[in-house]
Amino acid sequence: SSNDEKKANLDDLWEQEKAMGITTNPYTVFTNEDVAAWHTSVNDAIAERQKAYDAELERQKQNEEKRKEFAAAAQGFVDHLDSRTKEIDGLSGEPSELIESIKSTYDEGKPEQEKLSGLSSMQEEMGKMGIMENRHTPYTLPILQVNNDNLARHVRNRISSLEQEGSLKKEYNEKSRKLVDWIDATLPSIRSEFDNTLEGARAVKDKWTTYKTTDRSQRGLDRIHLETLYQNIQENQKASGRPEFVPEDDLKLENVSAKWDQMTAEEKKWEDELNAELSRQEKLFMQVKHFHSEADELEKDASKHEAFLAEEDNISSLDESRIKLMRMDVFDEDFENSSQRLNALKSRGDKIKNLNYHNASELDDRISGLENKLNSIKESAATKREALKGENDAQEKKEALRVDFANKTKDYDEFVRNVKVELDDKNFGTTLEAVEQTAAKLDESDKSYTDASNEKKAACQAASDELSNNGITDNSHTDKTMDDMNKLDEDLKSAIENRRTAYNAELERQKDHDADRKAWAEKAQAFVDYLAEQRAAIKAVDGTPEEKATKVKEIFKEGAEAQSKLEELNEMNTAMRGKGIYSNSYTPHTMLALQKRLTQHLNAVNNTLSFFDDEKEFLQREQENEKEWQKKQEVEQRRLDFEFKCKNLIMYLDSIQDTLTDPINVTSVQAVEDLQKDFDATLAQLNGDKKNEYDAILAELDALKGLDVDASCEVTTAKWDQANANAEARKQQLADALAKQQENDALCKQFADKAQNADSWLQKTSAALENASGDLEAQLQSLRDMNMDEGRAILAELNSLAEQLAAADVRSNPHTEFNAPSLRARVNEVEAGQKSKQALLEKEILSKKHSTASPEQIEEFKEVFAHFDKNHTNSLNKLEFKSCLQSLGEDPTDDQMESLMTELADDVDGSQQIGFEKFLSYMIKITSDTTTENEISAAFRDLAQDKDFITADDLRRSGMPNEKIDYLLSEMPAFEGVEGGYDYQKWAQAAFSR
């Protein structure tokens, strides 16, 4: 060996030195003995090493056996875990029973703990044997512990999944049962009783709106959540390999949906009935308002009728009685109009009652009261008319008596004047025989005139007595009295006597001058005949007094011819007188008589002309009286016509009052246009025919005032001005209402369009949610690509439009059946479904990618990540990532942070950002093989200065960032019995149990 060779070399050198006599060596202190000792020592060491080697070889053989034993036991343990996993996974049943079976089978991992305990003992033996590695197995005790922990985690996850399944099923059953019970309880009570009033209908409508926007809307969300929950359960069941969830028969989703659809149909039916009732009540309200308005007007007219009938009728003339009767005629027309309006009011009342008006008795009472009042007025009017008619008859009788007296006095006056004219004729004959024969005629004539005079005077006296008996003291038809008649009688008697005297004288003269009288008598007779002819001609004239006077003058020719004849007779008479003949028996005429006759003739003609003048004056006076009366009649008639026109115009203005002043209570453009048409027709009539009538009334008023008639149209003018003011106001109101309804209609159309867009978006998005296909990543990406902002934007626009419609008091939209609350609920539904499905897919994807982490751990990491993702970018910057790590018990140095950012971060717009998946991978990595629960608890105990609890001040003294402190304080449970204390041990235990 090398040791022996070196010893031999050294021995040879030592011998050479000895041979050379060298006994010392300044270059070393060692001697050959030292070399021999070394050689022995080396040989001893080699022997010792060999011995040690042999011992080590034996130990290694034992270690190898131990390694193999451990490897077999470890493999057996792993196989045991696989078998146990399969056994547990092979169990089936409903969650509660299955959980008990799993717990019973797993037995809290006691079999595994026993096996791990044996392996741990073997590990300790191996440790004592110095075994640090084992090439026969990849498993170490920590790895086996991890595998056992994986089984335990698998069991916990399975139990947790089953508990979640049970919880979800329980939640579904409870929610579906609650929804079904609510439907069963609510369905019978959806409808409300109508009290047949507008206020009641509006109250029911408000109640229904409140129900739809609160309880009903919430139940709609519950139904959506129920469908989402059912879908999640089925997806979870499918993902977990669990059997499909089958609820109780009445809680099956399709049965619940059928109940919901039934509920919706009943709600729709009820809402239609409610809207119909509200519309009916609103129409009924306007009908009743018009009814009472018309009834009020009728009451006013009835009061005016009563006031008219209550007026006292002080009548003193026929004209007054006739005027009163004419006013009664006008009254009757007004009353007939009121009766017709009452019939119209009855018809309106019947229509209102046919609409089931709740207060029909009020209408009946009003109509009954008006009927009674009008019937009473009718009776009073009949009584008043009868009284006026009686008074008019009495006045007509008095007037007839006046006319009768006037006619009789006029007849007597004409009789006396005519007789006096005849009595003035002293022509008793031209011969004695003729004169003598005239005596009998004179007797007969005197008697006839006297008898006729007495008869006519008696008739006048009788008529006068009738006037007195009837209390008549005035007579506009004559100015004659009985005194005048008595004077006429005396004048007539005097004239008869005068004629008789003249006759006797003439008879004597005729007897004395019979011889000469014949010639003269003939002339005289001729003269008389001439005068007689003229008288006859004059008597024969006719026509008006003026015409008769003209004709008489033409006949008379101022008496020139008669005067000529008389002068001739006078010459003959002078001659006869010269002869002493002063009488002529052959003629009743004497010169004097002829002169008188001529005079009488002249007087008669003049009297006739005078009579014509008197007659003319009388007729003129009578005509003037007639004209004056007629003028009064015409003026009174004009006044009555004026009042009638005023009244008719007032009635018209009152009739359009509702059209001009009724509140505009409409809900559509068409309704405003209908009102506008009515208004335009009314305005055209008001500015056309009625304006002409009003102008005519004003012109007539001026004319009546010019005739000193006390007339006024103040009420008419006030009504006219008010109607025109109302028309102007109405025009603006209708314009405003039309603008408002057009604006509302535009809003309704905008809302309908947006609602249709929302419905289309909802249908498209719901279909996309339901029909998502492909692998989990593809489904998740399709969900992320869904533009929920579009739905929220449409919903925001809808809400804005709905608020505008509500502010405009628009309660219904004819352009759509959608409403904002239901669409909001559907959008929330879809959004909730998208989030729920996205969360579920993310959870499944992450679970598959990170099989070593439980869903609960992933969820916790996600919550921590979201907590520190302050700007919601789904990524963490360096500062946020460090705060997050510190909150989880990690406190990396700046260099470590740089290394982590280099390893995990991606460049996003020039900034390093760590996405959730890389964050999750890192967290699973560090939590699966680094810090333990005990280490975390120990770290917090150090911060708490060895207390069993920690305070906010303790955490702040640690130098941790505020975000980390806030997170820990929000997650740690309170420590019982210590105010402000937090139980870090429970938090650590809970964190490591997830």
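Hi everyone, let's start with S104, which sits in helix α3, residues 95-106. Keep in mind that what we're looking at is a predicted model. Is S104 buried or exposed? Its relative accessibility is 58%, so S104 counts as exposed, the cut-off for that being over 50%. If you'd like a distance to go with it, S104 and I88 are separated by 16 residues in sequence, and their C-alpha atoms are 9.9 Å apart.

Now for a pair of helices. Helix α5 covers residues 141-186 and helix α8 covers residues 253-310, and the two pack with their axes 10 Å apart, at an angle of about 25°. Angles under 35 degrees count as roughly parallel, and α5 and α8 are therefore roughly parallel to each other. Their crossing is left-handed. Which residues make the contact? On the α5 side we have Y172, S176, L179, V180, W182, I183, D184 and T186, and α8 brings L253, V256, K259, W260 and M263. Sorted by class, that contact of α5 with α8 has nine nonpolar residues, two polar and two charged.

My last stop is Q913, in strand β3, residues 911-915. With a relative accessibility of 13%, Q913 counts as buried, because the limit is under 20%.

How values were computed. Residues numbered from 1 in each chain as written. Predicted model: local features only at pLDDT ≥ 70, side-chain atom pairs only at ≥ 80, totals over all residues. Heavy atoms only, no water. Axes fitted to C-alpha atoms, helices over the stretch in contact; angles between N-to-C directions. Helix = DSSP H or I, 4+ residues; strand = E, 2+ residues; numbered from the N terminus. Parallel < 35°, antiparallel > 145°, perpendicular 65-115°, else oblique. Left-handed = near helix turned anticlockwise from the far one by under 90°. Contact = heavy atoms within 4.5 Å. Nonpolar A, V, L, I, M, F, W, Y, C, P; charged D, E, K, R; others polar. Buried < 20%, exposed > 50% of the residue type's maximum accessible area, 1.4 Å probe, protein only.
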